[in-house]
Amino acid sequence: MQRLSNQSLLLIAVVAAVFAGAYTLVGHNTTSIKNGATHAGVVEIAEPTQPSGLQHATFAMGCFWHSEEMFLELKGVTDVIPGYCGGSEPSPDYETVSSGTTGYAESVNVTFDPTIITYRQLLEVFFAEHDPTSLNRQGPDSGPQYRSAVFYRNAEQKKQIDEYIATLTSSHKYSSPIVTQVAPFRKFYRAEEYHLRYFRNHPDHSYIRHVTLPEILSFRNRFANLLRKD
């Protein structure tokens with residue numbers, strides 16, 4: 001067997017390192033402490049790998065404990081991840097985002113099957129289940145991290161957002177102008193693990209019982225025709 005030169009061995013090592021890096025999740029995965037609980041750190045995801053045919057939508061509509069549960073209960077939605085979107089600094093976390101100085105908003109990344117539920121229907125839920133005329137505030141939560149925002153992935157999504165906002169405006173549904181931010185999707189950072197499925201895992205939390213639960217019950221009544229049956 002022919003021996004390889006030192007230059008050839010170096011080239012092979014570099015190529016191998018590049019391919020290995022291609023399969024490494026971008027971001028960081030550290031351990032930190034919040035409220036006495038240990039949790040995984042925030043990880044950046046450019047776009048989760050999904051089976052062919054599924055699409056993604058990203059919304060910010062106040063506390064992501066509410067919006068995560070609402071979208072999870074919709075038929076055709078295969079996954080919902082709470083996280084942070086709309087900022088520019090790398091590696092945001094709950095503490096820094098909560099300061100309201102990062103540009104990030106508490107958001108949800110929704111994976112859905114467009115043959116079962118359409119992007120237009122997701123927009124209907126989004127606009128109905130928060131106040132799109134409230135600037136940087138939803139209920140008891142205030143600050144730009146709780147702003148109303150839609151992050152579109154392509155021209156078709158932006159077209160549907162603009163058309164739906166125009167429809168709401170012309171219908172005079174709201175007495176005040178819609179202030180929802182419409183911005184291109186850049187990056188989404190998955191929130192710390194303790195936020196995942198918070199509504200289901202912490203039913204006795206005071207905020208869940210007094211703020212989130214009433215909103216979820218109202219949502220279920222308003223969108224009964226779109227709820228999953230399983």
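## A guided tour of the predicted model

Begin by selecting Cys 85, which is buried, with a relative accessible area of 1%. This is a predicted model. Next select Cys 63, a residue that is likewise buried, at a relative accessible area of 7%.

**Aromatic pairs**

Now turn to the aromatic rings. The structure holds 12 aromatic pairs. Select Phe 59 and Phe 126 and display their side chains: the ring centres are 5.1 Å apart and the planes meet at 25°, so this pair is stacked. Stacking requires planes under 30 degrees apart. Colouring by secondary structure shows where the two partners belong. Phe 59 is part of strand β4 (residues 55-61), while Phe 126 is part of helix α4 (residues 119-128), so the pair ties together parts that are 67 residues apart in sequence. Phe 59 has 0% relative accessibility and counts as buried; Phe 126 also has 0% and counts as buried.

Move on to Tyr 104 and Tyr 189. Their rings form an edge-to-face pair, with 5.8 Å from centre to centre and 85° between the planes. This pair, too, links distant parts of the chain: Tyr 104 is in the loop between α3 (94-97) and β6 (105-112), Tyr 189 is in strand β11 (residues 188-190), and the two are 85 residues apart. Tyr 104 is buried at a relative accessible area of 3%, and Tyr 189 is buried at 4%.

To see how ring pairs join up, select Phe 59, Phe 71, Phe 112, Tyr 119, Phe 126, Phe 127 and Tyr 164 together; ring pairs link these residues into a cluster.

**Charges over rings**

Select Arg 153 with Phe 185. The charged end of Arg 153 sits over the ring of Phe 185, at 3.8 Å from the ring centre. Then select Lys 173 with Tyr 174, where the charged end of Lys 173 sits over the ring of Tyr 174, 5.7 Å from its centre.

**Two packed helices**

For the last stop, select helix α2 (residues 64-72) and helix α7 (residues 206-222). These helices pack at an angle of about 35°, and their axes are 10 Å apart. The crossing of α2 past α7 is right-handed. On the α2 side, the contact is made by Trp 65, His 66, Glu 69 and Met 70. On the α7 side, display Tyr 207, Ile 208, Val 211, Thr 212, Glu 215, Ile 216, Phe 219 and Arg 220, which complete the contact.

Notes: Residues are numbered from 1 along each chain as its sequence is written. This is a predicted model: local features need pLDDT of at least 70, side-chain atom pairs count only at pLDDT 80 or more; totals for chains, interfaces and linings use all residues. Side-chain values use heavy atoms; hydrogens and water are left out. Buried means under 20% relative accessible area, exposed over 50%, partly exposed in between (1.4 Å probe, protein chains only). Rings of Phe, Tyr and Trp (its six-membered ring) pair if their centres lie within 6.5 Å; planes under 30 degrees apart count as stacked, over 60 as edge-to-face and the rest as tilted. Helices (H or I, at least four residues) and strands (E, at least two) are DSSP runs, numbered from the N terminus. A charge sits over a ring if NZ of Lys or CZ of Arg is within 6 Å of the ring centre and within 35 degrees of the ring normal. Axes are lines fitted to C-alpha atoms, for helices over the stretch in contact, and angles run from 0 to 180 degrees between N-to-C directions. A crossing is left-handed if the near helix is turned anticlockwise from the far one by less than a right angle, and right-handed if clockwise. Contact means heavy atoms within 4.5 Å.
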